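Reader: I'd like to learn how to read a few features of a structure. Could we go through it together?

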Amino acid sequence: MSLEGWVPNLSEYLTLADVIDQAFDYRGNTTVVKVDGTEVEGYIFNRNKDVLEPYVQMFDVAGNGPFKIPYSEIKNIKFTGKDTATGNSWLAWLERKEKEKAEKAAPLDKGTA
Amino acid sequence: MVPVSQMWAVASYVLRQKLRGRKRYPLVLMLEPLFRCNLTCAGCGKIQYPAQILRKELSVEECLRAVDECGVPVVSIPGGEPLMYTQIGELVDVLVKRKKYVYLCTNAILLKEKLEEGVFTPSKYLSFSIHMDGLREEHDEAVCRDGIYDEAVEAITEALRRGFRVTTNTTLFDGANAARVREFFDEMMRLGVEGMMLSPGYNYSKAPDQEHFLRRTRTRELFSKILSNPQKHWKFNQSPLFLQFLMGKQDYECTPWGNPTFNIFGWQRPCYLLQEGYAESFQDLMENTRWEQYGRKSGNEKCQDCMVHCGYEPTAVDHTFNSWKGFKDTVVATLTGKL
């Protein structure tokens, strides 16, 4: 299931670190809502939680960056961009091929009936 | 078969690493200068990114810095589609001048055009590694577009005519027909390619097709069927021990640092297939990745069914130089063609 459009409600069961992990795995743009109220929209390509001051790295929607944002400056992350990993190009291709095969087979079926 | 000069370059490099006592060393750099591609293949999980990421490219300087940092003798340029990289000619030219063996991994759609434009010059250091997942029907289905097999064959013929080294790279998924794959090998040899590279597909979590990746047992069955009694005219551009591993005749553990990956995000942790973060330098990648969390023995479920070349071919190469048995097995398989 895609997370596209998701605005997480942080709680004791859904921590900011959990949301950051999900955003890191998400193949679309997100909007990082910072503690100071500002927002940065872009693609989060990295997160490092194994350092003294954990951070995410992202390119903004214009492709500028990478910007490093410490976890401590992040209030929430909204999954605002299209999830590029949920495209249906392969399924569409399969459906089209099946239809072509069926069309090719149709006259033969008539002939043999 | 890999040319002797290339074998020697790799062999002397590996021996140097061993003499220096390096426990972990890279063998092939996977250099991804862009993620943009002109195909959307069913089994590919590399290209699903927002537009601003797909527009980005590494500079030639960034690419060369990565090559210098890791010091490998072989550079593989996948992507994305590397022929869409705006500086591909310049990058390859510099790498060849530095005597790096370059495998340019392409779907070949743009190859004929680039050859006609004179972007590349034939060299023993440059090999076009053409993505071919089988004969016409199988390949066009794998890349989700009709006509691509014919375009690739045309490009292979043209590249060979112009004196370039040409190899093929083939990824196999569940449902592959062993007899058809063998026919495909015959056809590639008839075309005159120098050698073929094989690998089972990896189950990328972001790939459109999540159903047809091979599990371990099925991989061994399939590759045993394909590679048992190999035809004498078949030539493979990879370690015979890796092929034996795919057939279940060798038992190897993954070497995730063997083919490190560098792209617009940095050094990918831990390997070409898994994307669990990025290191800022090659040294950071090698020193601060928890390697013990990867590979089959680690219990990591993402690694359990993986038998992909980027993790296991470095193990096979290391085996060749690590033991007399490995060396003997490699020599026998190379000389006799038997796997």
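Author: Let's begin with burial: buried means under 20% relative accessible area, exposed over 50%, and partly exposed in between, with a 1.4 Å probe and protein chains only. B:Gln238 counts as buried because its relative accessibility is 8%. This is a predicted model, where local features need pLDDT of at least 70, side-chain atom pairs count only at pLDDT 80 or more, and totals for chains, interfaces and linings use all residues. Residues are numbered from 1 along each chain as its sequence is written, chains are lettered from A and ligands numbered from 1 in the order in which they are written, and side-chain values use heavy atoms, leaving out hydrogens and water.

Reader: Where is B:Gln238 found in chain B?

Author: Helices (H or I, at least four residues) and strands (E, at least two) are DSSP runs, numbered from the N terminus. B:Gln238 sits in the loop between α9 (216–227) and α10 (240–246) of chain B.

Reader: Which side chain joins B:Gln238 in a polar contact?

Author: A polar contact is a pair of N or O atoms within 3.5 Å; within protein, one must be able to donate a hydrogen and the other to accept it, and residues adjacent in sequence count only if both atoms are side-chain atoms. The side chain of B:Glu313 makes such a contact with that of B:Gln238, at 3.5 Å. A polar atom of the B:Gln238 side chain also lies 2.6 Å from the backbone nitrogen of B:Leu198.

Reader: Which residues does B:Gln238 touch?

Author: Contact means heavy atoms within 4.5 Å. Leaving aside residues up to four places away in sequence, B:Gln238 touches B:Val2, B:Met196, B:Met197, B:Leu198, B:Leu243 and B:Glu313.
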